[in-house]
Amino acid sequence: MKTTNPAYTIDRVDAEDFQPDIIDGIQVGEDHQIEPAGDSPVKLYAALWRSEPATYDYVFEGDEAFHVIEGAATIELPDTGESIEVKAGDVGYFSAGTKSVWTITETFRKFTVIDS
């Protein structure tokens, strides 16, 4: 009898099992990936992400939407000179290729979805 993997997953924002998030060999916070066990032709990266206060350079590799669950950060956009403050309750969307510098000012958690 063939068993199939479900095409969904349910998780919680208070998940405990986070892994180091490594970009270009550097740890930039931690993430808890959320994805169904089955294969899907459309790939979205969905995760909870967290960090203690720190500063990270970050290029949005895909279109990314997020919801800030806890904390605060300043997102600087060096190409435009803009500086954006985000805090718990805020939602954001950044286009692929956007260069940014994140300064986490308070312990930070977000739910994020990236088009990969």
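A residue counts as buried if its relative accessible area is under 20%, as exposed if that area is over 50%, and as partly exposed in between, judged with a 1.4 Å probe and protein chains only. Lysine 110 counts as buried because its relative accessibility is 5%. This is a predicted model, in which local features need pLDDT of at least 70 and side-chain atom pairs count only at pLDDT 80 or more, while totals for chains, interfaces and linings use all residues. Residues are numbered from 1 along each chain as its sequence is written, and side-chain values use heavy atoms, with hydrogens and water left out.

**The chain as a whole**

- The chain has eight strands and zero helices, where strands (E, at least two residues) and helices (H or I, at least four) are DSSP runs numbered from the N terminus.
- Of the 116 residues in the chain, 34% count as buried.
- Taking contact to mean heavy atoms within 4.5 Å, 66% of the contacts between residues at least 6 apart in sequence join residues that are at least 24 apart.
- The chain exposes about 7,500 Å², of which carbon and sulfur atoms supply 52%; accessible areas come from the Shrake-Rupley method with a 1.4 Å probe, and for residues only the protein chains shown count as cover.

**Lysine 110 and its surroundings**

- Lysine 110 belongs to strand β8, which covers residues 99-115.
- Its side chain makes a polar contact with the side chain of glutamate 64 at 3.1 Å; such a contact is a pair of N or O atoms within 3.5 Å, and within protein one atom must be able to donate a hydrogen and the other to accept it, while residues adjacent in sequence count only if both atoms are side-chain atoms.
- Leaving aside neighbours within four places in sequence, the residues in contact with lysine 110 include Trp49, Glu64, Phe66 and Trp102.
- Lysine 110 also lies over the face of tryptophan 49, at 5.4 Å from the ring centre; a charge sits over a ring if NZ of Lys or CZ of Arg is within 6 Å of the ring centre and within 35 degrees of the ring normal.
- The charged end of arginine 50 sits over the ring of phenylalanine 18, at 3.8 Å from its centre.

**Aromatic rings**

- The structure holds eight aromatic pairs, and rings of Phe, Tyr and Trp (its six-membered ring) pair if their centres lie within 6.5 Å, with planes under 30 degrees apart counted as stacked, over 60 as edge-to-face and the rest as tilted.
- Tryptophan 49 and tyrosine 56 form an edge-to-face pair, 6.1 Å centre to centre and with 80° between the planes.
- Tryptophan 49 is buried at a relative accessible area of 10%, and tyrosine 56 is buried at 14%.
- The rings of tryptophan 102 and phenylalanine 108 have centres 6.0 Å apart and planes at 80°, so this pair is edge-to-face, and both residues are buried.
- Ring pairs link Trp49, Tyr56, Tyr58, Phe60, Phe66, Phe94, Trp102 and Phe108 into a cluster.

**Two loop residues**

- Threonine 98 is found in the loop between β7 (91-94) and β8, where its side chain reaches the backbone oxygen of serine 95 at 2.8 Å.
- Not counting residues up to four places away in sequence, threonine 98 touches Tyr58, Val59, Phe60 and Leu77.
- Aspartate 24 is placed in the loop between β1 (19-23) and β2 (26-34), and has a positive phi of about 50° although it is not a glycine.
- Aspartate 24 is exposed, because its relative accessible area is 77%.
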